[in-house]
Amino acid sequence: MTAQTHWQAWHEPYADETSPLSRRLRLVQQHIASWLDHRSGEGLTVVSACAGQGHDLIGVLASRADARRLHGTLLEYDAGNVAAAQAAADQAGLSNLVIKQADAGQLSSYVGAVPADLVLMVGVFGNISDADVKRSIAALPQLCAAGATVIWTRTRRAPDLTPTVRGWLRDAGFAEVEFHAPDDVRFSVGVHLFEGTPQPVNATGTIFTFLR
Ligand SMILES: C[S@@+](CC[C@H](N)C(=O)[O-])C[C@H]1O[C@@H](n2cnc3c(N)ncnc32)[C@H](O)[C@@H]1O
């Protein structure tokens, strides 16, 4: 599954604040923070698919006094990244987050972690086939609570799939809140609001397989 890509080394550009990856991270973090600002109450839930070292979610929650309003699960396959995310969560005192080594392409991995109020699909859609992107989006109602927000990313490397992705999200019951596609980079960041009806998880389902 991940034989060709070293998914720990993949995180290294985060050390450079000017890298496109860091720019993408800041956008994702802004949307996570803004989502928390706009959601009142306790008991909010989050799930992050292919969470890596958790820079986005842990990075936001580490500096928030209200971090405990949110609890959730980070699903990550690579053991080194799981350990890094766990260390970051521990350092920030975020015992409200579970870092789970699991295959996020299997819906069974989400059982107990969903329905979630915030679903992060960050760094996923650019690493799977177009058919799997479509399948994953169609399955999002199984991951989302009513009124959930999904934050997702996708490269716009030609042929740019993002117009199709946005259409698939519309078809799955999502309204677009934001779509960032800066001219000088190839990444994009989307934010979508779930307006449909949550569906039970089909725990035998597969939604994606990483290509690299
Ligand atoms: C492109 S990185 C994104 C990491 C993180 N979301 C971010 O944006 O910083 C993809 C991550 O998915 C992980 N991964 C690959 N296949 C996976 C799978 N089937 N289930 C869970 N994680 C997987 C990799 O180890 C890697 O950490």
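## Around the ligand

In this predicted model, the ligand is surrounded by 21 residues, and the closest of them are Y14, C50, E76, D103 and V122.

The side chain of E76 places an N or O atom 2.6 Å from an oxygen atom of the ligand. Backbone atoms also take part: a polar backbone atom of A104 is 2.8 Å from a nitrogen atom of the ligand, and a polar backbone atom of A102 is 3.5 Å from a nitrogen atom of the ligand.

As for its setting, C50 belongs to the loop that runs between β1 (44–49) and α2 (55–61).

P115 sits in the loop between β3 (97–101) and β4 (116–121).

The other cis bond joins A158 and P159, with an omega of about -5°. Here the proline, P159, is found in the loop that lies between β5 (144–155) and α5.

## How α4 packs against α5

Two packed helices are described by the angle between their axes and the distance between the axes. For helix α4 (residues 130–143) and helix α5 (residues 162–171), the axes come within 9 Å and cross at roughly 25°. Angles under 35 degrees count as roughly parallel, so α4 is roughly parallel to α5. The crossing in which α4 passes α5 is right-handed.

Which residues of the two helices meet? From α4 come D130, V133, K134, I137 and L140, and they meet V165, W168 and L169 of α5. Sorted by class, this contact has six nonpolar residues and two charged ones, with no polar residues.

How values were computed: Residues are numbered from 1 along each chain as its sequence is written. This is a predicted model: local features need pLDDT of at least 70, side-chain atom pairs count only at pLDDT 80 or more; totals for chains, interfaces and linings use all residues. Side-chain values use heavy atoms; hydrogens and water are left out. Axes are lines fitted to C-alpha atoms, for helices over the stretch in contact, and angles run from 0 to 180 degrees between N-to-C directions. Helices (H or I, at least four residues) and strands (E, at least two) are DSSP runs, numbered from the N terminus. Angles under 35 degrees count as roughly parallel, over 145 as roughly antiparallel, 65 to 115 as roughly perpendicular and the rest as oblique. A crossing is left-handed if the near helix is turned anticlockwise from the far one by less than a right angle, and right-handed if clockwise. Contact means heavy atoms within 4.5 Å. Ala, Val, Leu, Ile, Met, Phe, Trp, Tyr, Cys and Pro count as nonpolar, Asp, Glu, Lys and Arg as charged, and the others, Gly among them, as polar. A residue is near a molecule or strand if one of its heavy atoms lies within 4 Å of it. A polar contact is a pair of N or O atoms within 3.5 Å; within protein, one must be able to donate a hydrogen and the other to accept it, and residues adjacent in sequence count only if both atoms are side-chain atoms.
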